[in-house]
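Subject: Structure for you to look at

Hello,

Here is the structure I said I would pass on.

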Amino acid sequence: MTTGPTPFPGLTDMHAHPAMNAYFWGRDLRKHYFAGSAFNPLASLTDFKMLREGDVRVLWSVLHVPEEEYFRVPPIRLLAYLTQGGRAILRDKAWKSTLRMLEEMEEQVDRAPEFEIAHSNAELDAALAEEKRVFVHTVEGGHQLSAGLAPCDVEGHLKRLDELARRGVASLILAHLFPNQLAGHSEAIPSDHQKILFWRLETRVDDKRGLTEVGREVVKRMAELRMVPDVTHCSPASRRQVYDLVGDRLPIVASHTGVQSLNKAPVNLSEGDVKAIAASGGVIGVIFMPYWLESSDPEDGLEAIWNTMRQVNEWSGGSWQHVGIGTDFDGFTDPPDDCHSAAELPKVREMLERKGLSRTDVEAILGGNARRVLRNGWR
Ligand SMILES: [Zn+2]
């Protein structure tokens, strides 16, 4: 496994959702709609224009299909019927929708000569050498693998995982917002978003629920296939089991998260989590959502992002080798007022320089570390 500083690939965001805009709202990513600092699910924060303005070089582009639980809430079901992507999800279920979303992203990127999708480290290196802006597919939520399969169908799940790897997917987030067939999850819907008009989303969190038999086999196969395990959204019990199963065979990431010393929510990482991820050679991507970063939920977020980075640095023995950014832009999140779209990401470099970090450390955080993880954990 390579350690130490990795050449800077350019600004890298380890978690953002342009694919949701492309797929659900039928949007052309070459067009910019609008970006505001208030939460607005219709804003477009990571379209091609925003990525270009922020000079983002590598984007871990998330394929995510919302869980069926959402569509049991009548207003959401109605909204789904009104959009092309929503109708497709109701019709196709999560697995087929994931593949369609992947294909949609490939088509969109094909139409933009400055952008490319990399399906392997070799393709990523080649695209960066040609000065392209590069998307790497990742998948958020094990439910997408499971749609229509029995909870004990190990072979069925592994076959689908193989297919994702074959199509170039670099990483899988095992859990998400509701119980799934792979892993226990943590609460990750802000309490005021759980109530939708007269209805309530039941997230059925059980912090003690760990990996299932299928989940364990999926994690083992990820190590064989070289797909980076992402423990974001996992319950504390599931996270511990992933560390035990993977050890240092593969870097583990938490692509978009905070730390429990600043907000003790179980979805955030504890000192033990940070140490285990660092020991695997992995990276913690700091989420750009003040609600999760600090319990005071400040309007501005850059200072909270810095405090989180500093904590990860301290918990991993004073190293900047395990810090990255995973904005979660366009993931129905409420971004910080002082850095609310991909176009504003250069502010993070300015902030880190102001805080006195060396160029080497700044570039590790902004892309070198994430590049190392793919180099060591992907094909
Ligand atoms: Zn997420």
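Predicted model: local features only at pLDDT ≥ 70, side-chain atom pairs only at ≥ 80, totals over all residues.

Overall

The chain has 379 residues and a radius of gyration of 19 Å; a compact globule with that number of residues would have one near 21 Å, so the two agree. Along the principal axes, the C-alpha atoms fill a box of roughly 50 × 45 × 45 Å. There are 16 helices and 11 strands. Of the 379 residues, 54% are buried. Contacts between residues at least 6 apart in sequence were also counted, and 74% of them join residues at least 24 apart.

Two enclosed strands

Strand β1 covers residues 11–16, and six of its six residues are buried, so the rest of the structure largely encloses it. Its partner is strand β2 (residues 56–63): the two run parallel and are joined by four bridges. To find the pairing on screen, look for Ala-16, which stands opposite Ser-61 in β2.

Strand β9 (residues 253–257) is also largely enclosed by the rest of the structure, because five of its five residues are buried. β9 pairs with β10 in the parallel sense, over three bridges. Here Ala-254 stands opposite Ile-284 in β10.

Helices α4 and α5

Two packed helices are described by the angle between their axes and the distance between the axes. For helix α4 (residues 74–82) and helix α5 (residues 84–110), the angle is about 110 degrees and the axes are 5 Å apart. That angle makes α4 roughly perpendicular to α5. On the α4 side the contact involves Leu-79, Ala-80, Tyr-81 and Leu-82, which meet Gly-86, Arg-87, Ile-89 and Leu-90 in α5.

Helix α11

Helix α11 runs over residues 236–246, and eight of its 11 residues are buried, so it too is largely enclosed by the rest of the structure. The buried ones are Pro-236, Ser-238, Arg-239, Gln-241, Val-242, Tyr-243, Leu-245 and Val-246. These residues pack against α10, β8 (228–230) and α12. Just after α11 comes Gly-247, with a positive phi of about 55 degrees.

Helix α14

Helix α14 (residues 302–315) has 14 residues and reaches 20 Å from its first C-alpha to its last, close to the 20 Å expected at 1.5 Å a residue. Its buried residues are Leu-302, Ala-304, Ile-305, Thr-308, Met-309, Gln-311, Val-312, Asn-313 and Trp-315. What do they pack against? The list takes in α12 (271–279), β10 (283–286), α13 (290–293), β11 (323–325), α15 (346–354) and α16 (359–377). After α14 comes Gly-317, whose phi is positive, near 75 degrees.

Loops on either side of α14

Glu-299 sits in the loop between α13 and α14. Glu-299 counts as exposed because it has 11 C-beta neighbours inside 10 Å. Met-289 is 10 residues away from Glu-299 along the chain, and their C-alpha atoms are separated by 9.4 Å.

Ser-319 is in the loop between α14 and β11. With 15 other C-beta atoms within 10 Å, Ser-319 is partly exposed. Ser-319 and Val-274 are 45 residues apart in sequence, while their C-alpha atoms are 12 Å apart in space.

Positive phi outside glycine

Two residues can be looked at together here. Arg-204 is not a glycine, yet it has a positive phi of about 45 degrees. Arg-204 belongs to the loop between β7 (199–200) and α10 (213–225). Is Arg-204 buried or exposed? Arg-204 has 12 other C-beta atoms within 10 Å, so it is exposed.

Asp-328 is not a glycine either, and its phi is positive at about 65 degrees. Asp-328 lies in the loop between β11 and α15. Asp-328 has 27 C-beta neighbours inside 10 Å and therefore counts as buried.

Regards

Note on methods
Residues numbered from 1 in each chain as written. Buried ≥ 20, exposed ≤ 12 C-beta atoms within 10 Å, placed from the backbone. Pairing = 2+ DSSP bridges. Rg over C-alpha atoms; globule rule 2.2 N^0.38 Å. Contact = placed C-beta atoms within 7 Å. Expected span 1.5 Å × (residues − 1). Axes fitted to C-alpha atoms, helices over the stretch in contact; angles between N-to-C directions. Parallel < 35°, antiparallel > 145°, perpendicular 65-115°, else oblique.
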